[in-house]
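Hi everyone, thanks for coming. Have the sequence and the picture up on your screens while I talk, and we'll walk through a few spots together.

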Amino acid sequence: MMIYTLSIGSLLMALAACVLGCLRQTEFARGMMAGCWVTALALLVANGVQAAALPFGNMRHVLCFFPLVLAPAAYYMQRCRGIDLTAFFAAAAALSMVGALCMPMQASWRQMPALQSPWFAPHVTSYVIAYGFLTVSAILAVASCFGSGKQARLRAADEVVMLAFPFLTFGLWSGALWADVAWARYWAWDIKEAWALITWCVYLLYFHLRGYASFASWLRPLLLIGFVAVLITFFVVNLLPSIQSIHSYAQ
Amino acid sequence: MVLGAACVLLLAGAFPILGAPAVFRGGVMMLIGVVAALLALWGGWRLSAGKHAQFIFGLVSLYFTTSGLITAWMYGCKAVEHAMLGGAMWFGALAMACTMVVGLLFAVIFGFFLLKLMSPRLWLAGVHWCCTLIVAGAVLDYCYEQNAYIHATVGDGDKIDAVTTTAGENHSLGFALQVNDFKVTHYDAAAPATPQQHHLLITEQGGQYTAAVHMHGRWMPLPKGHLTETEDTLQLAGRRFLKSEVKAHPTIAYPCLLVSSPMPQGVTGTGTVKEYSAACTVFTDHRGRPETRRETLKVNAPIACKDWHIYLLSYSYDPICNQVTLVLQARNAPGRWYALAGMVGLIICTACWCWWRREQITPEPTDKEAPAV
């Protein structure tokens, strides 16, 4: 019950931050985002206590972790890069909490031997950070199609992707480094790995094209295609029952 | 080429119904990889144009900075581990401090050169060359990697010194591996104070011998094939008994023989497996002298010896024979270090390029709006 209450609380605060951000009530939006972060932290602790382990055992656990990284990132973007993206980061946090509420509640979680590695926490955390930021970039790419400030939004999306890409790279290749000791091969062409590589390649293509004016119109679709690849890697590969994956313990 | 690669990626293995992992592991994917690596090599060369010496010294500095950090981390951890295992605390603290200081000094000095030498453009060149290094390692492994699956019985005293690879070739390991003991721990279950016993019972009724095993609190008769009989001996679960050992027993109506032996720890436990490990002995040589090493083989902790890595993949327990069979993988991958170095380099170079960059996105030519988000 407490977990549901905290999840709903976090979702409502993220939604409020998003609405206030859109209405240019910057200070209130940041306050709500801070509240969302505190609630998400309490949720992380509650999940950890319930699971009696690091709360990365299922998709609900992982989705609950998103607001925890998105709120400080919004603050960082505003403080260090001078771009106020609170509304967009809050929207991504709200989306993740909606996803978390849709996932079934699993009381306990046990780390199987292959998961007991020092790579586990950094690998998952870096992917959560990367996917969170890439969600924000996709929202910005969609928002850049409408209203005023299209180019500024596209630039902001680029800033966010630049922030996310090293995390995505770390997630992908740290997984390979881990697999080398756990599965006796650094690349197994598992379906999850294949889609993670596809996602990485899409953003790689984005980086190769962003420097050319003639390809400027490709950037928005590429950000969206990249986000679709993220969704497939994170949700479809995990949730489709017909898929057999050596990453199946991540379901 | 990009479209072709996308088709292979998407249609060959990225969907379960169309999935064909053999395509990924085949020559087509390798060819795409080689072409991509050559393009990355060319891209890196162009990006570092005019600054090749600076770039090479930058990469050397990166190597030493990373080595310094890894040294500080690994030996610091080992010192802490030593202190935690009962070693002298002052020794642990001193060793940790010394290695940390040396490693960090290394990292600071070479890190300074690194920051001076590398520009965002050279970091980007580094990203490209690391991609080439990964593919080079993968191609080497594709051509020369040797893999062999070994089924090793715990405690049978056999030494594994040669393997038959998946390609059907026999290879000497250059060392011998013996699996002495095996242990499983489960969540929510405490390990028993004394080892559990495995019981086999051989009975004789009218000249006919039958065997039973004690499982789940009751005696389960074994099918006939398990017990083989010669003129004066009986063979069961890989062990030989004399028929004369089957004697009258005060509480059992027929002559019988009870054979008890300790069970490997935790193999019959219930619940989620927490950890399993095998105690092994590696018989090798060091500078021409024989050396015996005691190692613990675990998931996520392979044994490395003479270009070979031995991985623990899984295990099975035969309740009749009371034997644990480990599924091990022996792997000799000559390109592994190149691929792993490329991966580490790629992570570092990508982070440095993305986070210390000075390039901006090229604006769309038609858009002339105010920069409000």
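Predicted model: local features only at pLDDT ≥ 70, side-chain atom pairs only at ≥ 80, totals over all residues.

Residues are numbered from 1 along each chain as its sequence is written, with chains lettered from A and ligands numbered from 1 in the order in which they are written.

Okay, chain B. Strand S8, residues 233-236, has a covered face with B:Leu234 and B:Leu236, while B:Thr233 and B:Gln235 make up the uncovered one. What does S8(B) pair with in the antiparallel sense over four bridges? That's strand S9, residues 239-242 of chain B; strands pair if DSSP finds at least two bridges between them. B:Leu236 sits opposite B:Arg239 in S9(B). The two strands form a hairpin with two residues between them, and B:Ala237 in that turn has a positive phi of about 50°. On S7(B), residues 228-229, two bridges run to S8(B), again antiparallel. There, B:Thr228 has B:Gln235 as its bridge partner, and three residues link S7(B) to S8(B) in a hairpin.

Over to chain A and helix H2, residues 26-51. Its 26 residues reach 37 Å from first C-alpha to last, close to the 38 Å expected at 1.5 Å a residue; that expected span is 1.5 Å times one less than the number of residues. Among its buried residues are A:Ala29, A:Met33, A:Cys36 and A:Trp37. Buried means 20 or more other C-beta atoms within 10 Å of a residue's own; exposed is 12 or fewer, partly exposed is in between, and C-beta atoms are placed from the backbone. Helices H1 (2-22), H3 (59-80) and H4 (86-102) of chain A are included in what covers them. Just after H2(A), A:Ala52 takes a positive phi of about 55°.

Last, the largest nonpolar core: buried Ala, Val, Leu, Ile, Met, Phe, Trp, Tyr and Cys residues joined through C-beta atoms within 7 Å. Of its 124 residues, those touching the most other members include A:Cys36, A:Phe89 and A:Ala90. Helix H6 (150-182) of chain A gives the most, 15 residues. Why does this core lie between domain 1 and domain 2 of chain A? Because both domain 1 (1-105) and domain 2 (114-251) give residues to it; those bounds come from an automatic or database domain assignment.

Definitions and conventions
Contact = placed C-beta atoms within 7 Å.
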